[in-house]
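Biologist: Could you take me through one part of this protein closely, and then show me what lies around it? I am new to reading structures, so please go step by step.

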Amino acid sequence: MKTRIAVLVSGGGTNLQALIDARDRGELPHGELALVVSNKEGAYALERAEKAGIPAVVCQRAKGEPRGDFEARLLAILSGAKIDMIILAGFMAILSADFVSRYPERIINIHPSLIPSFCGEGYYGLRVHRAALDYGVKVTGATVHFVNEVPDGGRIIAQKAVDIMPDDTPETLQRRVMEQAEWILLPRAAEAVAKELGMGE
Ligand code: GRF
């Protein structure tokens, strides 16, 4: 019995792809990528899921819909699929404390900086790398952490440092952090947590 994993996405899905590739290399023996949920219609991550044979659904918060209603629909999808563990991979919505409390120490997130730097409210995507460049740090990286009610606030699982180059732009830096940190860390952390949860053992 493998730990059933749902991957929540919003965009390109390069981190989802890293998980898929790790699975296909046999590096995710304790986890099953059982479901992909996107909160954005048409996210390219959905195509990646389809190509990988992973069931994928859209669960989009309707305009003006209370967050609690959106999360209730999301929770119903997850429990319907008997999900044990959630991976936020480029997922751009903040989940409430109530939602997170349903999966204690079972939700992990990849953040593109070395937490506690450049994280929390408003730090996502290219903004994170722009902030690192604006500050003038010489090293950045990525962090995988458990998700709690504080944005990017949960216990840190793994981190990997990446050097900043003098001519970096937010785009070149994001790409390097993805290639050299995110896409390496997330599959390893996913396997470690899936093994730790050891569902059904
Ligand atoms: C990127 O900014 C990545 O650093 C962060 O989420 C964004 C999109 O990731 N984790 P993905 O390509 O959708 O996985």
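Modeller: Let's begin with helix 1, whose buried residues are Asn-15, Leu-16, Ala-18, Leu-19, Ile-20 and Ala-22. Please keep in mind that this is a predicted model. An α-helix has 3.6 residues a turn, so residues three or four places apart point the same way. What do the buried residues of helix 1 pack against? Their partners are strand 1 (3-9), strand 2 (31-38), helix 2 (44-51), strand 4 (85-88), strand 5 and helix 6.

Now follow the chain to the end of the helix. Asp-24 pairs with Arg-23 in a salt bridge, with 2.8 Å between the closest N and O atoms. Asp-24 counts as exposed because its relative accessibility is 53%, while Arg-23, with a relative accessible area of 27%, is partly exposed. Just after helix 1 comes Gly-26, which has a positive phi of about 80°. Arg-25 forms a salt bridge with Glu-27, and here the closest N and O atoms are 2.8 Å apart. Arg-25 is exposed at 53% relative accessibility, and Glu-27 is partly exposed with a relative accessible area of 40%. Side chains of opposite charge can pair when their charged atoms come close. A search of the whole structure finds 10 salt bridges.

Helix 1 also leads us to an open space. Helix 1 (14-24), strand 5 (107-111) and helix 6 (170-197) each give at least two residues to the lining of the largest pocket. How much space lies in the largest pocket? The figure is about 760 Å³. Of the 35 residues that line this pocket, Gly-90, Phe-91, Met-92, Tyr-124 and Gly-125 are the closest to its centre. Sorted by class, the lining has 16 nonpolar, 15 polar and 4 charged residues. If you wonder how such spaces are found, rolling a probe the size of a water molecule over the atoms shows where empty space is left.

Asn-109 is found in strand 5. Is Asn-109 buried or exposed? Asn-109 counts as buried because its relative accessibility is 10%, and the cut-off for buried is under 20%. The side chain of Asn-109 makes a polar contact of 3.5 Å with the side chain of Asp-152. Leaving aside residues up to four places away in sequence, Asn-109 touches Leu-88, Thr-143, Val-144, His-145, Val-147 and Asp-152.

One more space deserves a visit. The second largest pocket holds about 180 Å³. Its lining is made of Asn-39, Lys-40, Gln-60, Arg-61, Arg-67, Phe-70, Glu-71, Ala-93, Ile-94 and Leu-95. By class, that lining divides into 4 nonpolar, 2 polar and 4 charged residues.

Two of those lining residues, Arg-67 and Glu-71, also meet each other in a salt bridge of 4.0 Å, N to O. Because Glu-71 and Arg-67 are 4 residues apart in helix 3 (residues 67-80), about one helical turn separates them. Glu-71 is buried at 4% relative accessibility, whereas Arg-67 is partly exposed, with a relative accessible area of 34%.

Notes:
Residues are numbered from 1 along each chain as its sequence is written. This is a predicted model: local features need pLDDT of at least 70, side-chain atom pairs count only at pLDDT 80 or more; totals for chains, interfaces and linings use all residues. Side-chain values use heavy atoms; hydrogens and water are left out. On a 1 Å grid over the protein atoms alone, a cavity is a set of points where a 1.4 Å probe fits but cannot get out, and a pocket is an open set with protein on both sides within 12 Å along at least five of seven lines; lining residues have an atom within 4 Å of a point. Grid points are joined across faces, edges and corners, and a volume is the space filled by probe spheres set on the points. Ala, Val, Leu, Ile, Met, Phe, Trp, Tyr, Cys and Pro count as nonpolar, Asp, Glu, Lys and Arg as charged, and the others, Gly among them, as polar. Buried means under 20% relative accessible area, exposed over 50%, partly exposed in between (1.4 Å probe, protein chains only). A polar contact is a pair of N or O atoms within 3.5 Å; within protein, one must be able to donate a hydrogen and the other to accept it, and residues adjacent in sequence count only if both atoms are side-chain atoms. Contact means heavy atoms within 4.5 Å. A salt bridge is a side-chain nitrogen of Lys or Arg within 4 Å of a carboxyl oxygen of Asp or Glu.
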